[in-house]
Amino acid sequence: MSQNIESHLVENRVIKPTREFSKHARIGSMADYRRIHAASVRNPAKFWAGEASELVWGRKWKSVLKWKAPFARWFDGGTVNVAENCVDRHARGDRRNKAAIIWEGEPGEKRTLTYGQLQREVCLFANVLKRNKVKKGDRVIIYMPLIPEAAVAMLACARIGAVHSVIFGGFSADSIRDRIADSGATCVITADGGYRRGSIVPLKHNVDAALTGDTTVKRVIVFRRANNEIHIEEGRDVWWHRELDYVTADCPVVHHDSEHPLFILYTSGSTGKPKGILHTTGGYLAQAYATTKYIFDLRENDIYWCTADVGWITGHTYLVYGPLANGATCMMYEGAPNWPDPDRFWRIIQNYGVTVFYTAPTAIRAFIKWGDEWVDKHDLSSLRLLGTVGEPINPEAWMWYHRKIGGGRCPIVDTWWQTETGAIMISPLPGATPVKPGTATLPFFGIDAAIVDDNGKEVGPNVGGKLVIRKPWPSMLRTIYGDRARYKKTYWSEFPGYYLTGDGARRDKDGYFWIVGRIDDVLNVAGHRLGTSEIESALVSHHSVAEAAVVGRPDEIKGQGVVAFVTLREGEKPTAELREKLRRHVGAAIGAIAKPDDIHFAEALPKTRSGKIMRRLLKEIAGGGDVKGDTTTLEDFSILSKLKLRDA
Ligand code: WTA
């Protein structure tokens with residue numbers, strides 16, 4: 001007998017797309033969604049071939065899918081160039097003078113690149129790469145601020161078939177060193193520095209520190225961004241702007257095999273060394289293109305803003321490849337959301353007339369914490385669609401986003417996916433799906449998602465289990481770079497033929513998927529298996545609470561006790577009385593079993609640089625111990641010491 005994850009939180013609010021939105025949407029009704037989804041899961045090859053044929057191919061594929069589990073080849077025999085699809089084909093046509101990227105630097109500079117200009121920049125830089133002996137198949141590290149040149153560098157690599165690996169600009173020299181060693185990169189593209197919360201991040205300096213001793217890197221190309229003083233290593237380092245003097249913008253498109261590697265992106269996972277997730281060309285592009293088109297329901301005159309950094313998969317797929325493949329206008333902002341003030345994002349939306357806005361729940365909870373007055377100062381009426389990604393969104397945060405940012409009129413797409421899936425897998429379609437706050441709703445076309453028990457058997461409505469994907473999909477990871485055994489073991493060994501996501505979830509009676517947390521974080525309280533996210537959402541639904549993280553600690557009687565770390569909204573006081581109130585509040589929302597045994601008030605929670613709460617570290621603190629695990633991805637180290645000192 002397997003024991004299932006229990007689920008107790010009931011969410012009854014349903015928000016339907018407005019008739020106005022549905023009327024103009026690509027998919028305008030549930031009947032259409034269900035019909036297309038059913039057909040696409042019966043015959044995924046047909047659906048994906050349809051989407052792929054909207055792209056430009058050098059040579060058409062021979063077979064849509066070759067599947068020898070767990071290894072997939074999509075659009076085998078076909079050749080394609082990602083840069084041509086994202087840039088040239090628009091620059092050749094009516095979008096030549098349309099803005100591709102509208103950028104704002106943290107200090108306030110503004111730049112716009114049209115598709116025509118972007119094409120020129122990509123071609124010039126592709127020639128710079130060639131001039132610096134970067135060849136097809138070589139691995140190239142990109143470690144840059146969020147400036148247009150980060151996208152140019154990615155597209156230039158794609159153009160010549162070099163495999164990029166973007167490292168988030170907040171990572172340290174050690175992280176860069178590990179990733180260079182694992183990927184065997186020969187070239188690093190960086191900048192002197194980048195701006196973050198008013199100070200300069202010394203990017204080039206970090207690269208220098210990562211390159212001491214033995215290294216595979218032969219060339220470092222440096223973009224001048226912050227004018228901070230840097231060291232130039234003769235024979236190894238060159239300036240981006242100087243290199244441009246030696247090249248022309250003539251760089252004809254070369255088509256690469258559909259399965260040619262496009263990029264490696266490192267993801268830390270909960271334990272052990274980072275995994276180099278490998279994505280390839282044709283399938284990735286097809287799903288990035290199709291999901292962006294349907295889920296953000298892009299219009300020709302949209303100004304689309306995904307706030308993610310290019311260092312994350314969201315920045316790859318929904319800041320660069322997906323929207324550009326659709327010929328969209330992308331907003332790009334270099335810096336922090338609260339610099340110089342907590343209304344920076346709302347100011348940008350107002351000033352540029354942003355229409356589609358895609359961000360993370362962790363950011364939304366921060367906005368709530370900072371207070372409504374920052375939002376109220378700005379006119380957000382240009383927005384027509386909102387999205388979230390990265391974590392389960394607590395229903396109360398969802399409602400705030402809907403009311404306060406979306407003015408009650410914008411649909412919200414809560415998109416579930418992973419670095420490994422490459423593109424969105426579960427999400428509402430904004431003109432079709434009636435949504436409920438807190439659920440990513442239903443699988444995208446061609447995606448066969450299910451929830452299974454420990455024996456791999458699909459469970460019924462409202463029974464918790466493991467989220468799996470039962471069929472290959474085009475943008476799936478192809479392997480862990482250099483480690484096929486680990487790829488098989490991590491994702492495909494528990495249930496043969498099924499991709500294991502590592503997330504716990506349940507489906508409600510309408511078939512909607514509710515993510516209850518990572519399987520590794522599931523608590524076992526007196527024989528009940530509880531996901532973390534429902535208890536957290538119950539806490540966040542209390543008006544004093546801004547954010548909450550729940551973990552287990554050993555308990556002699558119950559097996560595990562429930563420990564909550566809570567940050568309060570601005571102005572709220574951490575009192576013993578409030579602690580008791582919160583316990584009762586969770587009891588009322590979920591049941592006595594979920595009542596936290598301990599509640600710790602914290603100023604902030606430990607997060608990864610991409611904003612995910614690091615429950616693993618909290619577990620160590622909750623168990624009374626010191627933090628021993630890997631903390632290299634932690635955003636702010638001072639948080640750990642603060643957590644340990646307060647009211648333990
Ligand atoms: C979580 C980010 C609930 C989930 C694109 C997943 C979500 C992990 C959602 C992947 C969502 C992402 N609702 N949980 N809408 N989106 N997650 O690799 O646990 O940074 O497995 O990719 O984030 O994180 P990653």
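# Briefing: a predicted protein model with a ligand

The protein's secondary structure comes to 20 helices and 32 strands. Its radius of gyration is 24 Å, close to the 26 Å that the globule rule gives for 648 residues, so the protein is as compact as a globular protein of that length. Keep in mind that this is a predicted model.

**Overall fold**

- The C-alpha trace of the protein spans about 70 × 55 × 50 Å along its principal axes.
- Of the 648 residues, 62% count as buried.
- Take the contacts in the protein with a separation of 6 or more: residues 24 or more positions apart account for 72% of them.
- The protein has an accessible surface of about 24,300 Å². Carbon and sulfur atoms hold 50% of that surface.

**Around the ligand**

- The ligand is surrounded by 16 residues. The closest are Asp414, Thr415, Gln418, Thr419 and Asp503.
- Sorted by class, this shell has 6 nonpolar, 5 polar and 5 charged residues.
- Gln418 places a polar side-chain atom 2.9 Å from an oxygen atom of the ligand.
- Arg518 also has a polar side-chain atom by a ligand oxygen, at 3.1 Å.
- Glu391 takes part through its backbone: an N or O atom there lies 3.3 Å from a nitrogen atom of the ligand.
- On its own, the ligand has 520 Å² of accessible area, and the protein covers 89% of it.
- Which elements give two or more residues to the shell? They are helix H11 (313-325), strand S22 (412-415) and strand S27 (513-518).

**A closer look at Thr433**

- Thr433 sits in the loop between S22 and strand S23 (449-452). Strand S22 also gives two or more residues to the ligand shell.
- A polar atom of the Thr433 side chain lies 2.9 Å from the backbone nitrogen of Leu429.
- Which residues does Thr433 contact, leaving aside its neighbours within four places in sequence? They are Ile15, Pro17, Met30, Pro428, Thr441, Leu442 and Tyr512.

Terms used
Residues numbered from 1 in each chain as written. Predicted model: local features only at pLDDT ≥ 70, side-chain atom pairs only at ≥ 80, totals over all residues. Heavy atoms only, no water. Near = heavy atom within 4 Å. Polar contact = N/O pair within 3.5 Å; in protein donor to acceptor, adjacent residues only side chain to side chain. Areas by Shrake-Rupley, 256 points an atom, 1.4 Å probe, with all protein chains shown as cover. Helix = DSSP H or I, 4+ residues; strand = E, 2+ residues; numbered from the N terminus. Nonpolar A, V, L, I, M, F, W, Y, C, P; charged D, E, K, R; others polar. Contact = heavy atoms within 4.5 Å. Rg over C-alpha atoms; globule rule 2.2 N^0.38 Å. Buried < 20%, exposed > 50% of the residue type's maximum accessible area, 1.4 Å probe, protein only.
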